[in-house]
Amino acid sequence: MDHNTAGVGGPERFEQLIAFLGSQLPPPVEQQVDAEGAVQFIGGEPPEVIALLSHSSIVVSEFSGFWETPFKFTAKPRRVGVLKWRRLPENALLDALSALIKGARDARLASFQICKYCERKTAPEWLHDDHVCQACADMHSGAIH
Ligand SMILES: [Zn+2]
């Protein structure tokens with residue numbers, strides 16, 4: 001039998017990675033397929049981790065973004081690692097991927113702050129300032145919109 005490496009990076013491995021990312025990312029997980037067949041995963045609500053699986057690599061990023069205007073939020077993910085998934089044996093690949101997901105998630109969660117009024121853990125893009133979320137800031141300022 002011809003034992004080349006074709007099976008290692010084949011479509012089965014790609015499917016396996018889709019299933020793995022779907023189960024390892026923080027829920028809920030959103031999936032989108034782009035024109036080239038790469039699959040983007042966004043996990044968490046608010047979003048925590050983004051993974052982009054293409055036919056040769058997986059890019060794992062911490063979710064991040066900023067308000068371009070008060071009504072337009074622009075995502076600007078912070079890349080934490082890239083894996084060339086075809087080059088790694090299965091166990092090493094899945095271990096590395098888990099570690100990257102965990103690292104991205106920890107970094108993202110570390111940027112959350114607890115609002116001093118409602119005591120909710122709030123993502124930085126929803127904070128009015130360091131210790132007050134946007135909703136409470138709106139309420140406490142008595143502003144009329
Ligand atoms: Zn609040």
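Here is a short tour of this structure, one selection at a time.

**Before you click.** You're looking at a predicted model, where local features need pLDDT of at least 70, side-chain atom pairs count only at pLDDT 80 or more, and totals for chains, interfaces and linings use all residues. Residues are numbered from 1 along each chain as its sequence is written.

**Stop 1: the two domains.** Colour 11-111 one way and 112-145 another: these are domain 1 and domain 2. The bounds come from an automatic or database domain assignment. Their centres, taken over C-alpha atoms, sit 28 Å apart. Where they touch, seven residues of domain 1 meet four residues of domain 2; a contact here is two C-beta atoms, placed from the backbone, within 7 Å. Now pick strand β5 (residues 65-69), which supplies three residues, the largest share of the domain 1 side. That side counts five nonpolar residues, two polar and no charged. For this count, Ala, Val, Leu, Ile, Met, Phe, Trp, Tyr, Cys and Pro are nonpolar, Asp, Glu, Lys and Arg are charged, and the others, Gly among them, are polar.

**Stop 2: the sheet.** Switch to cartoon view and look for an open sheet of five strands, in the order β1-β2-β3-β4-β7, with antiparallel pairing. Which strands stand at the edges? They are β1 and β7 (78-83): each has a single partner strand, so one side of each is left without a neighbour in the sheet. On average, neighbouring strands are turned by 15° against each other, direction ignored. Next, show α1 too: this helix packs on the sheet, touching β1, β2, β3 and β4 (58-62), and its direction makes about 175° with that of β3.

A few terms for this stop: helices (H or I, at least four residues) and strands (E, at least two) are DSSP runs, numbered from the N terminus. Two strands pair if DSSP finds at least two bridges between them. Axes are lines fitted to C-alpha atoms, for helices over the stretch in contact, and angles run from 0 to 180 degrees between N-to-C directions.

**Stop 3: two hairpins.** Select β1 and β2, an antiparallel pair with five bridges. Glu30 has Ile42 in β2 as its bridge partner. The β1-β2 hairpin has five residues between its strands, and Gly37 in the turn shows a positive phi of about 90°.

Then move to β2 and β3, also antiparallel and joined by five bridges. Gln40 is partnered with Leu52 in β3, while Gly43 stands opposite Val49. This hairpin too has five residues between the strands, and Gly44 takes a positive phi near 105°.

**Stop 4: two cis prolines.** Zoom in on Pro27 and Pro28, joined by a cis peptide bond with omega about -5°. Pro28 belongs to the loop between α1 (11-24) and β1 (29-33). Then find Glu45 and Pro46, where the cis bond has an omega of about 0°. Pro46 is in the loop between β2 (39-43) and β3 (49-53).

**Stop 5: Glu119.** Finish in the loop between β8 (113-114) and β9 (121-122), where you'll find Glu119. Its phi is positive, about 60°, although Glu119 is not a glycine. Is Glu119 buried or exposed? Glu119 is exposed, because 10 other C-beta atoms lie within 10 Å. The cut-offs are 20 or more for buried, 12 or fewer for exposed and partly exposed in between, with C-beta atoms placed from the backbone.
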